[in-house]
Amino acid sequence: MNGTVARLTARGLLGRRRALLLLLLPAVLLSLSAMARGLAGADQQLAVTLLGGFALGTLVPLLGLIAGTGAIGPEIDDGSIVYLLTKPLNRHAIVVTKFAVAAAVVTVLGALPTFAAGLVLTGTSANLAVGYAVGTAVAGVAYCALFLLLAVVTRNAVVIGLLYALVWETLIGQFVPGAQALSIQQWSLAVTERIVGAPAEQLGATSAVGLATAVVLLVVVTAGATWYAGRQLRTIRLTSEV
Amino acid sequence: MSVEGAGPAAGDREHGVIHDIGYRHYDGPRLGRSYIQRSLFTESLKGSYGFGRAARTKVMPMLLLAAMCVPTLIIVVVASVTGGDELPVGYTAYLIQLQVVIAVYVAAQAPASVSRDLRFGIVPLYFSRPMRRVDYVRAKYAASATAVFVLLAAPLTILFLGALLTEMPLGEHLPDYLRSLAFAALLAVVLAGMGLVIAAFTPRRGLGIAAIVSVLLVLAGVQTAAQNIAVVEGADTAADYLGLISPFSLVDGVAHDVFGTDTVLWGEPPGAVGTAVFVAVTVLLVAGCYGLLLRRYRKVTGT
């Protein structure tokens, strides 16, 4: 961890346009929840649809993508990463710092609004707010690690990340149940399912994987992606975009 | 190359003189604005599928095109085994089901088309030619819309050819196919416009991609959620009008009323007023995107 790198990363992440986009997503979730509560009242089923489908299924992957790739992608893109790499800093420390900042941004802008939305939608009944808040927090952290690795490895990080988060996890997962075993969304849903407890089954908030598997996979992916990104950063090749 | 008048005879002259130092002039034909516009259109269109660019830029568009087309092959094979006069999925329904893939393509392609020019300061070079801003915007918009249309039309064509090969009635499938092409064209114009506007305001490529996908998917998500709430509440007219929120449901509604395609998403524009509102919103959206693009390119800097 390095304070200066963290400060610069945070400044880059929360630059004008990126911050606008990062704030827009939770704002939509909150206003949608407020509207749902106002019109339909406290409805647990609706809350599961909104928190599971929109917050965990769309919002957090997008936030993780913007924050994870945004933490290092632009610097690699315009080549200014060399100024950072020529400093006497451990490459792993650089990646860990950038990952920590991105994860913090996603937690603040993804998990906290999800918690607030859960409270607005159902109050504290059935632990839905807490369950989905924890679920989105672990999902956000894992997405950040994975997409940061993608940004180090490839120039098409954003498109590949989108294909993974939206096409693989959501679209293919609907038709091919096996695809759900390799899905950060499902792993996090297992955590949510455990916290919500018994009502999860009848509300349809069930995951395709068991809790133990899910936690192990989440930890392995997060730690593994961060470590491998640091390793890749040791031998990064800078090419110009054509 | 203006050089101040030098030499004894020019000593009292105020004006600078351009010396003709004997370089050969170009006096061949000048091809003019429309030629430049056409070239920019073709190059941008080719560029959106990676032709004329590095090999690795071809990977993504081709992958997405394959993602659009491969399921249709499976559908055609299934239909030929099971028989019958109908495909298991409608033409427009197929496109709507793959709206995520379409959104990702629009998002990946629009920034590649305009953001690089802005970021590397190439736009002022374009405008130092006898090309106007309008020409640039028109060429880019047309190329982008055509590229998206190709992505949409390819799977439709495979479905149609598959239907013919399995001897489904031509009289039923040809009108459906043509209607769905009209739907695809309208959707392409709307999506390309939105994509280009967002891309033109976010010169960073990665951010542009994320911004376009976020806007398209969040609008679709809000539309679905809001419509569900409205249906549960029994506000059917309101639910119908909520289709205006997402570009996909908007085009779906317009295409249903104007071209006669089957609606895929819930509801349709209510009555003649609904039709007028949906058409008006679509026209305003496209005109607005075009206007915003023109505004964006009124002043560009070279950095």
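## Chain A: fold and dimensions

Among contacts in chain A between residues at least 6 apart in sequence, what percentage join residues at least 24 apart? The figure is 80%. The structure is a predicted model. Chain A contains 11 helices and zero strands, and from the N terminus on its elements run α-α-α-α-α-α-α-α-α-α-α.

Taken along the principal axes, the box filled by the C-alpha atoms of chain A is roughly 55 × 35 × 35 Å. Of the 242 residues in this chain, 53% count as buried.

## Helices α7 and α11 of chain A

Two packed helices are described by the angle between their axes and the distance between the axes. In chain A, helix α7 covers residues 128-153 and helix α11 covers residues 211-234; their axes come within 9 Å and cross at roughly 25°. An angle under 35 degrees counts as roughly parallel, and α7(A) and α11(A) are therefore roughly parallel to each other. Their crossing is left-handed.

On the α7(A) side, the contact is made by A:Val138, A:Val141, A:Ala142, A:Ala145, A:Leu146, A:Leu148, A:Leu149, A:Val152 and A:Val153. On the α11(A) side, the contributing residues are A:Leu218, A:Val221, A:Thr222, A:Ala225, A:Thr226, A:Tyr228, A:Ala229, A:Gln232 and A:Leu233. By class, the contact of α7(A) with α11(A) consists of 15 nonpolar and three polar residues, with no charged ones.

## A:Thr114 in chain A

A:Thr114 lies in helix α6 of chain A, which spans residues 91-122. Is this residue, A:Thr114, buried or exposed? The cut-off for a buried residue is 20 or more other C-beta atoms within 10 Å; A:Thr114 has 31 C-beta neighbours inside 10 Å and so counts as buried.

Leaving aside residues up to four places away in sequence, A:Thr114 touches A:Leu51, A:Ala55, A:Tyr132, A:Ala133 and A:Thr136.

## Chain B: fold and dimensions

The secondary structure of chain B is made up of 11 helices and zero strands. Along the sequence, the pattern of chain B is α-α-α-α-α-α-α-α-α-α-α. In chain B, contacts with a separation of 6 or more are 75% accounted for by residues 24 or more positions apart.

A compact globule of 303 residues would have a radius of gyration near 19 Å, whereas chain B has 25 Å. The C-alpha trace of chain B spans about 95 × 45 × 35 Å along its principal axes. As for burial, 43% of the 303 residues of chain B count as buried.

## Helices α6 and α7 of chain B

Helix α6 of chain B (residues 133-165) packs against helix α7 of chain B (residues 170-201), with axes that come within 8 Å and cross at roughly 155°. Because an angle over 145 degrees counts as roughly antiparallel, α6(B) is roughly antiparallel to α7(B). The contact of α6(B) with α7(B) has 21 nonpolar, five polar and one charged residues. In handedness, the crossing in which α6(B) passes α7(B) is right-handed.

Helix α6 of chain B also holds B:Leu152. This residue counts as buried because B:Leu152 has 24 C-beta neighbours inside 10 Å. Not counting residues up to four places away in sequence, B:Leu152 touches B:Leu95, B:Ile102, B:Ala184, B:Leu187 and B:Ala188. B:Gly162 stands 10 residues from B:Leu152 along the chain, and their C-alpha atoms are separated by 16 Å.

## The contact between chains A and B

How many residues does the contact take from chain A and from chain B? Chain A gives 31 residues and chain B gives 27 residues. On the side of chain A that touches chain B, helices α2 (16-40), α3 (44-70), α4 (73-77) and α8 (157-175) each supply at least two residues. The residues of that side of chain A divide by class into 22 nonpolar, six polar and three charged.

Technical notes: Residues numbered from 1 in each chain as written. Chains lettered and ligands numbered in written order. Predicted model: local features only at pLDDT ≥ 70, side-chain atom pairs only at ≥ 80, totals over all residues. Axes fitted to C-alpha atoms, helices over the stretch in contact; angles between N-to-C directions. Helix = DSSP H or I, 4+ residues; strand = E, 2+ residues; numbered from the N terminus. Parallel < 35°, antiparallel > 145°, perpendicular 65-115°, else oblique. Left-handed = near helix turned anticlockwise from the far one by under 90°. Nonpolar A, V, L, I, M, F, W, Y, C, P; charged D, E, K, R; others polar. Buried ≥ 20, exposed ≤ 12 C-beta atoms within 10 Å, placed from the backbone. Contact = placed C-beta atoms within 7 Å. Rg over C-alpha atoms; globule rule 2.2 N^0.38 Å.
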